[in-house]
Amino acid sequence: MPGRASDPGNSLVHFAPEVRDPVVYPIRHGINPPLFRVFVSWSDGNLLNVACLQAPSPVSNATARAAEPEADIGGKVVEVRLGEGDGEINEEQRRRIAYGSVPAFAMLQSRRNSLSMMSRMASSSSFRNEWWQHVLEYSNQIKDLLGPPRLPSSSVIEDSKVVLQQIEEPSSLKAAWELMEIFYVDKQSSAWLPERLVDWLAGYDCILARTETAIYSKLVNVQKKIVKIQVIEDDSEYWEGISSALAVGWLDVVVKLLRLHGSYQLDQLGNRETENGLVEAVAVLVSTMPRMRADLPTGKLGQCCKTKPDFVKAWEKWRGHITKLECSAFWVQCGHRQTREGLRNLLQIMLGNIKNLTTSTCHWMELYISHFLFIRPFSTGLEGMHSLAQKCMQLKPSSNSSGLIGVFMGILGGNTEVVLAECSKAFGPWMVAHAMELLTATDDQADILLHEERYNLGGISMEELHRLVYAQVLSSHPLTWQIAPTYLASCSKQGLGLLEVLLYRQSVHNLRVTLKNLEICRLYELENISACIMKIAGVYYWKHGRRGSGIHWLQQAQDEVRLNRIAQQLFECIGKSISDDSFKQWEGLIELLGSEVGTAGGLEFLHKYRDFKRSLQLVHDKKAADAARQTVESLVQLMRSPSTPRRFWLPLLHDSVHLLNWRGQALLNVSETNLLLSKLQELSMAKLHPDFSNFDLPAQALATVRLALAANLRQAILEES
Amino acid sequence: MAIAGDPNLHRFPQPNPVDAVRWIPAFSSLRRLAAAAVHDPDSSSSAVEVHALNPGPNLALRSSHPIPSRISALRFSLSPQKPLLAAAATFAGSLHLLSIDPFEGSIDSELSVSDIAFSAAAVADVDGQMEGREWVSVGEDGRVNLVAVGDGRLEWRRVFDSMGLVEYSAVKWGSPAEFATGGLGFGVQWWDQRKPGGAVAQFKGNWACGNTIGMVHSIDIHPSRKHICVVGASSGTVFAWDLRWQHQPILLSGVGMGDTVQPASESEVWEVRYDTHIQSSSIGSGPTRILPVMMCSEDGILAVLEQGEEPVELLAEACAINGFDIDPQNPSDVICTLEWEMIGILPRSKETSTAF
């Protein structure tokens, strides 16, 4: 698509138009300059083949070249590998994800087919009702693949000083996937959307922390400090950490940190009683915060309310407790300034004071989530969420807009195409091809948009387009090409055609690849293609001197035309090499050809020829009349058979001269002898033909045979009369 | 089809495709080692790797030895000895004999033969005698060679050269003088070193109907029944060929002309091996029955076959199982290589599955 690069707005598949710093790949070709010509072409995947040719030297004589072959190579092809991935996910992991998503994808497709078959009878609404659950299952399978699940707390003995579980960092690919699952698939939890977003941020805040300051990095610092510092409550970072954790709803972290407060220590409990009471009161308030969600995983704090009325009731009561504590007289008695201010800040956060929330959060996303927790605990529809996000962004401008944020804003903006474009830009074709299922799971609008056939895409849908793109990516790598058929098969318009191209394109150098190719043909019932592949392989083997394999593969492909051509070449070398003792050499091949008529082209002759030679040998050894008669019968059969090449007529007859001169009786009757004579006549005529080829027979062979036949004829006539 | 796959199978993702895996014959049950033939298509490099299986379970790389070309077959000498001998055959037509320390898992030395006279095409399979002093190799060019360890080098001699008229894809010793080979058209050949000049017996299966290549991929011979070859081939075919009844092979899986035995698989059977773990129900019913055989296939099946009974499926994976090996010391444990760059270990008994 040469025209597309200049106009990114028109491109079917997103590519980044912004020019980054050019990457220089040095090429070590080892050719003496000057270079005459450089050819560049694509190889598999992101490999580039660069061929460098030296200028032909004016005095190029063969002897000079032979003298110093090293110095005068003349040209060289160098492979250049472009790009090394984006760093977060390497090629090996990418392949693992590609492999792992095949069964999930295939299963979803087959479920779709069987469901749509059934719903043709029932209503389409029942299809939708059931469908999203299948997609959810699919989404969970893919999620497992993208990284290990987040475990609540795995250690048996809990260390009170470990407030933050530092786990292996999740990928932003997984974060984006989960985000799409929350918004597009999980119908059940749509009422609890805000809390799902809280959970989401808890899992993936460390991704935000990679590029900008985020609460996660703040808490990592606090974690380091609490191990070292004795009087932690004097430290401002301690209080900042607590308020930040509270702002984004990490209640377990808040309570754990509060319990590290110095007033809990036994030796201090006496003179810091009021202070300790206040800390504990806040800790209790934090841990009883009402949360509208389906369930609370173990280790998480709060008071779980499943329905809105329950929640509103609990919320009012809880807020009442906070205001009461806020107005309490105990604050005056609390002598420790940092504790007093820190705790009151926490109360303000819980009361939803926007100023306190803004100062406690770092990234706009965190501010956004804190809104859901303390200001607007109910979901307000995409439009409201979108405008809120924009407001938060203004309050805390972000310097770096990662792909994840782009996807998030796309989702809130309610524009499927933007979401797709952002996915493609940040995460590539795998994501787009697989996330398509999530987008269409519950959203009818998106379903129509992505499934409608488009004229500008050549009559295919967006869904098919992106699957094809992903299949192309898979096809370009020697390890992943074999999973591309799963995706191509799910493309109703262009898939099969491209599958055929893919199968044709595989080289036959490696037997395993060829067998894999045939296996794919079998799975998709592509008999024509498999016959073609066998023919290609057969010719390849034949040309590389593996004659037995060549013949066998062509035989299995029932390629009469090529077999007949090959037979001519084969007979030529048989004629030269076959004598009675070297027949062993051919035994294996003849066995391989089998004895069934019509499967081996002209080659079935070989089988009969071998049998004839054998019985001839037998006659030679035993000199028995009945064996001789049988041999003669097979001779006549061979001479009658149209598959016996003409070039073998004379050698056959010459071999059987002593049978024709059999003492005592004629083994051939008159009509048989006449047949052989006429063949001989035909042969003498053909001798004048230019391409007549004769084996190494004695010059008088023809005459000997003719004489023997005549003798036999005389004997036969005598016997018959 | 289970998405996450069989929960009993321990999966060990590898950074590169694994072409073959073998248990390393062990001296003690404490240290368990496995060897793998790996290939990196990006750098076109291949190696034989030794991994230690630790509780956890995890598979830790112990040593790696580069091999100049992609490995087509990897075999160990059967008897536990020090050092162990392993042979790796390559697609480039070379044969490499490695000596492996069975305690440390280190690969100490290598002898190789890579002569154009030795093999002009890929060496398809190799098999060693008990102590690994003598090996037989067969190739796509139709050459059958005997390779023996000489004075610090490998010595080889040609047994047969079909000049490309036939090619062989599998080989297995039957006795110190006899071996079996397999090739196209469900063909099996029996050779006797004492009778040179060609195979002493051969068989061609007539099951090859329609678009199937009928290629033999693997042969196994039980040490106590040297006259029977079990053969794994295309189209899910597994059959036993008895030298005493050469024209009546016993079909264990697949679709034959006359009789159809329920196929455990419908695609290439990559490897067959007598299953020493399963006590055959037929022990009492006389020596004519074929002992249980394990097979793995292109369509992801690992199964045990018994004559006259339904196949017992051990695994049904979403991708091909390219090869497997049964631990000679703990025959309940099976190691296999999965097409999607993974090594799998399947413990079949309670004791060993808890040990993992």
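Predicted model: local features only at pLDDT ≥ 70, side-chain atom pairs only at ≥ 80, totals over all residues.
1. Over how many bridges do strand β18 and β19 of chain B pair? Strand β18 (residues 216–222) of chain B pairs with β19(B) in the antiparallel sense, over 6 bridges. The link from β18(B) to β19(B) is a hairpin of 2 residues.

2. Staying with β19(B), follow the chain onward. Strand β20 (residues 238–242) of chain B runs antiparallel to β19(B), and 5 bridges join the two. Here B:Cys229 finds its bridge partner in B:Trp241 of β20(B). These two strands also form a hairpin, with 4 residues between them; in that turn, B:Ser235 has a positive phi of about 55°. As for cover, strand β19 (residues 225–233) of chain B has 7 of its 9 residues buried.

3. B:Asp325 and B:Arg273 meet in a salt bridge at 3.1 Å, N to O. Because B:Asp325 lies in strand β27 (residues 321–326) of chain B and B:Arg273 in strand β23 of chain B, the pair ties together parts that are 52 residues apart in sequence. B:Asp325 is buried, with a relative accessible area of 5%, and B:Arg273 is buried with a value of 17%.

4. The side chains of B:Arg194 and B:Asp192 meet at 2.9 Å, N to O. B:Arg194 is exposed, with a relative accessible area of 58%, whereas B:Asp192 is buried at 9%. Please look as well at the salt-bridge network that links B:Arg75, B:Asp125, B:Asp127, B:Lys172 and B:Asp220. Over all chains, the structure holds 51 salt bridges.

5. Turning to chain A, helix α4 (residues 172–185) has 14 residues. Its span from first C-alpha to last is 19 Å, close to the 20 Å expected at 1.5 Å a residue. For cover, 14 of the 14 residues of α4(A) are buried. Within this setting, A:Glu181 forms a salt bridge with A:Arg196 (3.6 Å, N to O). A:Glu181 lies in helix α4 of chain A and A:Arg196 in helix α5 (residues 193–211) of chain A, so the pair ties together parts 15 residues apart in sequence. Both A:Glu181 and A:Arg196 are buried.

6. Last, the open sheet of chain A. It has 3 strands in the order β1-β2-β3, paired antiparallel, with β1 and β3 (75–81) of chain A as its edge strands. Neighbouring strands are turned by 20° against each other on average, direction ignored. Strand β2 (residues 47–54) of chain A pairs with β3(A) over 7 bridges, and A:Cys52 has A:Lys76 as its bridge partner in β3(A). A:Leu35 sits in strand β1 (residues 35–42) of chain A and is partly exposed, with a relative accessible area of 33%. Together with A:Val38 and A:Val40, A:Leu35 forms a nonpolar surface patch with about 240 Å² of accessible area.

Technical notes
Residues numbered from 1 in each chain as written. Chains lettered and ligands numbered in written order. Heavy atoms only, no water. Expected span 1.5 Å × (residues − 1). Buried < 20%, exposed > 50% of the residue type's maximum accessible area, 1.4 Å probe, protein only. Patch = residues over 30% accessible without salt bridge, like charges linked within 9 Å, V, L, I, M, F, W, Y side chains within 5 Å. Areas by Shrake-Rupley, 256 points an atom, 1.4 Å probe, with all protein chains shown as cover. Salt bridge = Lys/Arg side-chain N within 4 Å of Asp/Glu carboxyl O. Pairing = 2+ DSSP bridges. Axes fitted to C-alpha atoms, helices over the stretch in contact; angles between N-to-C directions.
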